[in-house]
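Here is a short report on a protein model. Keep the sequence and the 3D view open while reading.

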Amino acid sequence: MKKTMFLYLFVLIPLLGIMACVFDSDNEGVGSFLDHEGLPLNYKVETLTIEGIEPSSVKSYFDDYPYSANGRAVLGTSFDLNHDLFLDFAFRNENFFSEFSSDDSASGQLEFYLLKEFYTSESLTFDDSLPIKENLTLSYSWVLSTGSGNRFVDSIAGITNSSWYSKLDSWEEAVFDTVFSLNIVSYDSLVIFPIPKDLIQAMKKVGDACRLQLKISAKETSNLYRLNGASTPFRPVLLLKGSNNTYSSNSPFRMAAKSSYINEVSDSQVLHGGGLRESLIVELPKEKIMTALSEFYGDEFPFTEGDSMDVRQMVVLAEVKIPLQEGTSKNTLNKPIQMVVASMIDSLGEESRKMEAYKINSDLVKAEGHPNMIFNELDTLSLQVTYGLRDFINKASDKEDFRFMVRLGYPVLQPNDPAYTDYINTEGDSIYFFFSHFDYVYYDLAPSLEKPMTLKLWLATKRGEE
Amino acid sequence: MKTLLFALGCLFTVSSYASSVMGLDALGAEDVSGASAAIAGSGYAGNAKASEEGVSMMNPARLAYNKNVSFSANLSYQMVSASVKNGSLGTQSITIPSFYLAFPMGQFGAFSLGLWQHYSSNIKLELSDSLNSQQATLEYQGSIFEFTPSYAIKLPFWHRLSVGGTAHFVMGNNKRLLTLGPDNSAVAEEDSWATNNSDVTDAVNGSWSILNHPAYYTLAAQYRGKTASIFFSYTTAYTLVNDMEYQLQMSQLDTLAPTKLSRQIDVPITLATGVSYRLPKRQFVMFDFMWKPWKNDIPNVAGSWDLPNETLVESEFLISVGYQRDGSTIFYDSFISRMTYRAGAWYKNGYLKDVSEVGGSIGLGFPLGKRGTTIDLAIQGGVRSSKSDAYFDETFIGVKIGLMGIGAWGNQRSGM
């Protein structure tokens, strides 16, 4: 038996091992096999440029529904937009209010901290603009409800943000203006807003506990103040002062902002950035794309055989090139801004929006900067719509026109850096690609979209040699 | 013994895919005779040998002569080398092509359940030549499995004759993935950035079933003589349906919407017969013959690129001869004399047109324990040659290992 084991271990198994090596493949062998079977060794890339495409429609969507300002808050205006702030307070202080209600010298103020990390960012040069001086008109309106006990205060916290936002949108309260002279000399100092006498009077009615929902607008300023929100360490404070140095200092437990047009507009093709809920949907005519594909391949497009799914080729990359006219557009930070693209694609029979990937053309970026940015002194904006066109050609038989969506992203600090992300360089320095705060701009795409655009497709062609 | 199994196990786990590179787009390679290691050892001959325990897919009637409850599982390892024009092409595969359970019920006949991988196309080939911008990975993973309940009974008035049948419920999946790198030779240099690192996969995923029917059937009759046994079997024709989804994809999550395709493969009837003749000293010679008159060419998996649309077929037959010396059943005999020895050879005209296969095998059965539990080892080798240019000739070496477990369940204690 031992002899048999020896035979197995030292003869049979090594023999199998050697055979395993003999029965191996090399590149030439696999190549000639694939070739023989009629299978390719790579896919042929072909490019197709479709020129002179005029959008069949361009539609902008702007949502002025309130949104959270717990982190960063904005107050003021930016070009054609106005930004209001809403503060939600809930507090109790029975001792204080017992004297405050009959105090004739009662006063109060609202204190904000500026968003220092924005204003003192090394990438920007705001320090030159100090001091900021202006006669600021603030418009206040509020809803005050009173109650008593901790239970009252706790019950306010039970109101969800979304239900709070939904009621802010339809606020019709009396508006009280205060005009004062604002003078900011340091980004560290508090910004103190006086509050109207009527608000002080109203607060005198509070016996024990209250909920104060306060709205502040600054429609007449041409500045946009960036402030710290309710959930930051530097949250705003509502300071109520009585005589005898008694005071009550309270911070809002949540804040919201509402950005809306100063004047109603129609048929706008303007984007504002700022992370606002807005988008521009551009529609390219189907027929133009299908005709170009038919001429290119000599096949029928759209494909209607069988279940009409066109798997004869695949879009590896698609780029739409829009000639830029930036004359009427304005920004504040003077940095290029990334254009974010998404396409409407089919997902299990439902149309859904898919964010497009961005593949970097390093040589071009080093020479001219990223082609998907505005305010970058480019005469052409190139947007990649690969997922969208891949899906569109795949299912063209039951599709209407091709649609993609654009909106504005973050300002870009390194427009010529192909990294397209933050990184640490060889010297150990952090290189930030995007600026971490939005710019609030006025970017009118209408003049650019009036000119015909170009669509360029990189196609993986599956057709064999005929 | 344990060391040997362990070492073989280690060797098998490092190997990858494939059994033959012929007919991958049709049905793939056929594992005949229920893919049992025992019958593979005698060159696929021995379906008529009634004293053999276990299940024969060619001859379900043999089941009636089983004495013990048995379980068998088979493991197959194959290495194939195709003689391509340039370079070398070799593949390896490991599969568990079948397992069976058999329950003899005395005068009520015998019943068995099995799972048999009848056809398989498993291969993975990679080509990476960045100099010529050639990058391709071809992967086939396909199995036509059959779930096979069988029943056989000895005729009550004449125990030398038994009849049996098997229903073959067909199931399984198939997949072909061809992943390709870009060839930028036709685009301008400044445009080549767009497709760098963009691999495109041509993907087909399908499943198997039978048209308009749950199963196909084998019927057999067996005569068990004192020295000679013989069987005849007939298997019904059926139409295989392969429903497929075909698409191009960048990754599994980034695909085109697939187009749905279906192909039908007309599998003809099978006629089989075999003789087993007993010689002195537990020796047997065996002869088997199987015939399958293929008529209709087989549509290929989702015709694309320059693939031909069909795989041409021809009448399939298998002639096999085998020798077996059964091991002694006396536990106190030496291990060598308790071992079973097998040898055989076969000639097979495959279903692929102009392809024939000649092979030989040797087999050993190692007894484990008193009851008759056995490990069967078969080593097969041979050549598949093609008269036409459609296929490359192939050399193959295969190892099959089967475990046959015999249980005393349901048997009366005897000899005590």
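Why do the two lists alternate? In a regular strand, side chains point in turn to one face of the sheet and then to the other. Bear in mind that this is a predicted model.

Strand 21 of chain B also has partners. Strand 20 (residues 316–325) of chain B runs antiparallel to strand 21 of chain B, and nine bridges join them. There, B:Val321 has B:Ala345 as its bridge partner. Strand 22 (residues 355–368) of chain B pairs with strand 21 of chain B too, in the antiparallel sense and over ten bridges. Here B:Asn349 is the bridge partner of B:Ser356. Strands 21 and 22 of chain B form a hairpin, with five residues between them. In its turn, B:Asp354 has a positive phi of about 65 degrees.

Further pairings follow in the table.

| Strands | Sense | Bridges |
|---|---|---|
| Strand 8 (residues 173–180) of chain B and strand 10 (residues 200–210) of chain B | antiparallel | eight bridges |
| Strand 10 of chain B and strand 13 (residues 238–251) of chain B | antiparallel | ten bridges |
| Strand 1 (residues 43–53) of chain A and strand 9 (residues 182–183) of chain B | parallel | two bridges |

Look at B:Val204 in strand 10 of chain B. B:Arg176 stands opposite B:Val204. B:Tyr246, in strand 13 of chain B, stands opposite B:Val204 as well.

How many residues does each chain give to the contact between them? Chain B gives 58 residues and chain A gives 51 residues. On the side of chain B, strand 4 (residues 110–129) supplies the largest share, five residues. That side of chain B counts 30 nonpolar, 20 polar and eight charged residues.

Now turn to the nonpolar cores. The largest one has 145 residues. Which of its residues touch the most other members? They are A:Val315 and A:Val316. Strand 17 (residues 313–323) of chain A gives the most to this core, seven residues. Setting aside neighbours within four places in sequence, A:Val316 is in contact with residues of both chains. In chain A they are A:Val45, A:Trp458, A:Leu459 and A:Ala460. In chain B they are B:Ala194, B:Thr195, B:Ser198 and B:Val200. Another core, of 40 residues, lies apart from the largest one and includes A:Leu199, A:Tyr225, A:Leu238 and A:Met255.

Helix 10 (residues 386–394) of chain A is largely enclosed by the rest of the structure, because nine of its nine residues are buried. A:Arg390 and A:Asp391 are among these buried residues, as are A:Leu389 and A:Phe392. The buried residues of helix 10 pack against several strands of chain A, including strand 17, strand 18 (337–347) and strand 26 (453–461).

Finally, consider the domains of chain A. The domain assignment gives domain 1 (45–62 + 277–461) and domain 2 (67–261). Their C-alpha centres lie 41 Å apart. Seven residues of domain 1 are in contact with eight residues of domain 2. The domain 1 side has five nonpolar, one polar and one charged residues.

Methods
Residues numbered from 1 in each chain as written. Chains lettered and ligands numbered in written order. Predicted model: local features only at pLDDT ≥ 70, side-chain atom pairs only at ≥ 80, totals over all residues. Contact = placed C-beta atoms within 7 Å. Helix = DSSP H or I, 4+ residues; strand = E, 2+ residues; numbered from the N terminus. Nonpolar A, V, L, I, M, F, W, Y, C, P; charged D, E, K, R; others polar. Pairing = 2+ DSSP bridges. Core = buried A, V, L, I, M, F, W, Y, C linked by C-beta atoms within 7 Å. Buried ≥ 20, exposed ≤ 12 C-beta atoms within 10 Å, placed from the backbone. Domains from an automatic or database assignment.
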